[in-house]
Protein chains: 2
Amino acid sequence: MDTLTALNKFREHVAIFVPLNDAEWRALVPYLEVSTLKKKKNFAEPHKICNHIALVVKGSVRFFHVKDGEEITGYFSFENEFATSYKSFLTREPGINYIQTLEDTQLVTLSYNAMQQIYDDQLIGKKMERFGRLIAEHYLICYEDRVASFITQTPEERYNKLLETGGEVLQRIPQHYVANFLGITPVSLSRIRRRIMKISA
Amino acid sequence: MDTLTALNKFREHVAIFVPLNDAEWRALVPYLEVSTLKKKKNFAEPHKICNHIALVVKGSVRFFHVKDGEEITGYFSFENEFATSYKSFLTREPGINYIQTLEDTQLVTLSYNAMQQIYDDQLIGKKMERFGRLIAEHYLICYEDRVASFITQTPEERYNKLLETGGEVLQRIPQHYVANFLGITPVSLSRIRRRIMKISA
DNA sequence: CCAAATTCTTATCTTTTGTTAACGTTCTGA
DNA sequence: TCAGAACGTTAACAAAAGATAAGAATTTGG
């Protein structure tokens, strides 16, 4: 995808939260960067400050922790979703997880410094504050649901819910990543699937 | 606590995120409400839209779901912490959980409508957009950590971490609420505690 | 194209958790 | 003040999950 198309995808996606007129868009563009990462390249790493927030315009990324040498996958971002190691990005402290591309992936990114400049911009500052707020609120809601699912549901219930609602993850992601995402081991997910098979059969 | 003291506590707490000068504060005050709830009163309920965000200036509240007639506690807010059923508040859809006072509690609240008016206010709109953003970002980070703990840690590890870091919850909250908070049953937490006792003894 | 790596399932065994119930203690509200 | 409710622990059993390993199928990368 060429740079212009990528930028336009970004504009479209931002418009879901705050529509920008042409003048505002022109003010924003200089802050944006378009980058392409090959498969299995890191966008964020532990012990490093995550300096960018990215919109995935093509491809996908995976969030994971490494514990005792094992990768534990926590999240995914597909096309038209944002990705950043939020805590590290916001606090300017080293992060604790990887964000890695699952395939060749194109990103439109904003650096932390660019973000702060934008917030203080005369023309678009207020609108972008709102944008930042709405993005944070959006992901806050996602996490609220997710924490609720960990507290109120069994792994099997979480998987069933994922079957009902979530398409993309189940289609495009290896099952052992999904297991981590649900908070269980791959072996355990395999057993849950068999259990469900037997019941519905 | 009298109304003026409560409002000043609110101002102080907001100042952590965005300091307000006197003119700005005077513009904000008319939107604020101070209310007192007796112990075990609901601030939010399932099937009802949560219309307010609250700062707890005195007392404490507990978030919980009800599943199969059982209460499952997910969170607490103590003094100088905000409380709202975020998803319901933001999406204007009925919530799925209770928020209930644990003791006689005093709150400074903002209604959803007030919030929207404030965001569009000429004088303080931009600053309050930032405030809303920073609050959402703050709680987003809390949730990011919490989800990571569910994915990467065992219940025992989560409890040990809580012992290290969290004071207030452990001091002021019945143990079976803490168990829910950790994603396990009260019986299981009791066993974990015994296990830890034996090791450290 | 083929060897190596990855993925998923299955089995076995161990550990942990859930469930239910009992018991003593503490708290609470009428 | 006093009876009932709530709380924490423990026990016994069932269910589920973790750990490890083996094996088949698939994918991948050189």
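Colleague: What should I know before we start?
Modeller: This is a predicted model: local features need pLDDT of at least 70, side-chain atom pairs count only at pLDDT 80 or more, and totals for chains, interfaces and linings use all residues. Residues are numbered from 1 along each chain as its sequence is written, chains are lettered from A and ligands numbered from 1 in the order in which they are written, and side-chain values use heavy atoms, with hydrogens and water left out.

Colleague: Why are the two copies said to be related as by a two-fold rotation axis?
Modeller: Chain A can be laid on chain B with a turn of 180 degrees, a shift of 0.0 Å along the axis and an RMSD of 0.0 Å. The two copies are therefore related as by a two-fold axis. The superposition is by least squares on C-alpha atoms of residues with pLDDT of at least 70 in both copies.

Colleague: Which C-alpha of chain A is nearest that axis?
Modeller: That of Arg133(A), 1.9 Å away from the axis.

Colleague: And what makes you say that the same surface serves both copies?
Modeller: Of the contact residues of chain A, 100% recur in chain B. Contact here means heavy atoms within 4.5 Å.

Colleague: How does the radius of gyration of chain A compare with that of a compact globule?
Modeller: For 201 residues, a compact globule would have a radius near 17 Å; chain A has 18 Å, which agrees. The radius is taken over C-alpha atoms, and the globule rule is 2.2 Å times the number of residues to the power 0.38. Along its principal axes, the C-alpha trace spans about 60 × 35 × 35 Å.

Colleague: What is chain A built from?
Modeller: 9 helices and 8 strands. Both are DSSP runs numbered from the N terminus: helices are H or I, at least four residues, and strands are E, at least two. As for the contacts in chain A between residues at least 6 apart in sequence, 71% join residues at least 24 apart.

Colleague: Why is Met128(A) called buried?
Modeller: Buried means under 20% relative accessible area, exposed means over 50%, and partly exposed is in between (1.4 Å probe, protein chains only). Met128(A) has 0%, so it counts as buried. In chain A, 49% of the 201 residues count that way. Met128(A) sits in helix H5 (residues 125–152), and, leaving aside neighbours within four places in sequence, it is in contact with Leu28(A), Ile118(A) and Tyr119(A).

Colleague: Is Asn180(A) buried or exposed?
Modeller: Asn180(A) has 10% relative accessibility, so it counts as buried. Asn180(A) is in helix H8 of chain A, and its contacts beyond four places in sequence include Glu71(A), Pro186(A) and, from chain B, Ile151(B).

Colleague: Which residues are closest to DNA strand C?
Modeller: Among the 17 around DNA strand C, the closest are Gln175(A), His176(A), Thr185(B), Arg191(B) and Arg195(B). A residue is near a strand if one of its heavy atoms lies within 4 Å of it. By class, that surface has 6 nonpolar, 5 polar and 6 charged residues. Ala, Val, Leu, Ile, Met, Phe, Trp, Tyr, Cys and Pro count as nonpolar, Asp, Glu, Lys and Arg as charged, and the others, Gly among them, as polar.

Colleague: What makes the pair between Gln175(A) and DNA strand C a polar contact?
Modeller: A polar contact is a pair of N or O atoms within 3.5 Å; within protein, one must be able to donate a hydrogen and the other to accept it, and residues adjacent in sequence count only if both atoms are side-chain atoms. An N or O atom in the side chain of Gln175(A) is 2.4 Å from a phosphate oxygen of DNA strand C, so the pair meets the 3.5 Å limit.

Colleague: Which base contact does DNA strand D have?
Modeller: A base nitrogen of DNA strand D lies 3.4 Å from a side-chain N or O atom of Arg191(B).
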